[in-house]
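The sequence and structure are shown first.

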Amino acid sequence: MPGWLQAGGWGLLAGSALLVGAAVGYLARIPQKIIASIMAFGAGVLLSAVSFELVAEAYASGGLLPTAAGAIAGAVLYTAANVLLARRGARHRKRSGDQQPSEQDQGGSGTALALGALLDGVPESIVIGTSLLGGGAVSVATVVAVFISNVPEGLSSAAGMRRAGRSRTYVFGLWAGIAVISGLAALAGYTLLGGVAPSVLAAITALAAGAILTMIADTMIPEAFEKTHLAIGLITLLGFLTAFALSRAG
């Protein structure tokens, strides 16, 4: 199977977890404490992937300077985009409670929510595609980590969208679209970055890592903390260790 097709398929698979989570969050009435606990676990999974897969790989291929520069750039870019989207109603896009505004409360918030979901998902998918460069196998640990973390992201966000009065068509159309774009982003990561220098690829991988880490701190951990409180550390650690075990097994 061609590498670009593999990259797109793995990205689509990881992104499809958003749709699975959204279906559960929108159709089922799950207690917010359970949603927050799942979010804490997903945050731990992504923290492990950022540490042992992305940053470690970037450092090994490019050294400290490209890794640090890329991570800082990713954090800055994500924060700037997130600030703009927050002003338009997407500040609480991963919250499962009543924090998300309806379209009546804030016009244009539906578009902002969609763009926010896109902002959160693209960096993860790009690194799935780049993990196939050089003819190697996909990083199973990265795919699994993104898949596991995407379930609570879609679940919590869809639950909040339901509470804000978003229609079923909007919710499922949004997450299905993000899943497809995740596949395309992974494909782009493979096809567009295949010929770049190792230091440049390291910086791009670190940029994605910086964006993901900032997203965890800004959107996932607040949702988890709101309901799990003192248990968040333990649950996050369990997610971290689960992903770490997967990375070592691979």
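Angles between N-to-C directions of axes run from 0 to 180 degrees, and those over 145 degrees count as roughly antiparallel. The model discussed here is predicted.

**Helices α1 and α6**

The axes of helix α1 (residues 3-27) and helix α6 cross at roughly 160° and come within 7 Å. The two helices, α1 and α6, are therefore roughly antiparallel to each other. Their crossing is right-handed. In the contact of α1 with α6, the residues comprise 19 nonpolar, 8 polar and 1 charged.

Helix α6 covers residues 168-192; its 25 residues should span 36 Å at 1.5 Å a residue, and the distance of 35 Å between its end C-alpha atoms agrees with this. Buried residues of α6 include Trp175, Val171, Leu174 and Ile178. Also buried in α6 are Ala179, Ser182, Gly183, Ala185, Ala186 and Gly189.

**Helices α2 and α3**

Helix α2 (residues 32-62) packs against helix α3 (residues 64-90) with the axes 7 Å apart and at an angle of about 140°. This angle makes α2 oblique to α3. On the α2 side, the contact is formed by Val55, Ala58, Tyr59 and Gly62, while α3 contributes Leu64, Pro66 and Thr67. The residues of this contact of α2 with α3 divide into 5 nonpolar and 2 polar, with no charged residue.

The two contacts are set out by residue class below.

Key
Residues numbered from 1 in each chain as written. Predicted model: local features only at pLDDT ≥ 70, side-chain atom pairs only at ≥ 80, totals over all residues. Heavy atoms only, no water. Helix = DSSP H or I, 4+ residues; strand = E, 2+ residues; numbered from the N terminus. Expected span 1.5 Å × (residues − 1). Buried < 20%, exposed > 50% of the residue type's maximum accessible area, 1.4 Å probe, protein only. Parallel < 35°, antiparallel > 145°, perpendicular 65-115°, else oblique. Contact = heavy atoms within 4.5 Å. Nonpolar A, V, L, I, M, F, W, Y, C, P; charged D, E, K, R; others polar. Left-handed = near helix turned anticlockwise from the far one by under 90°.
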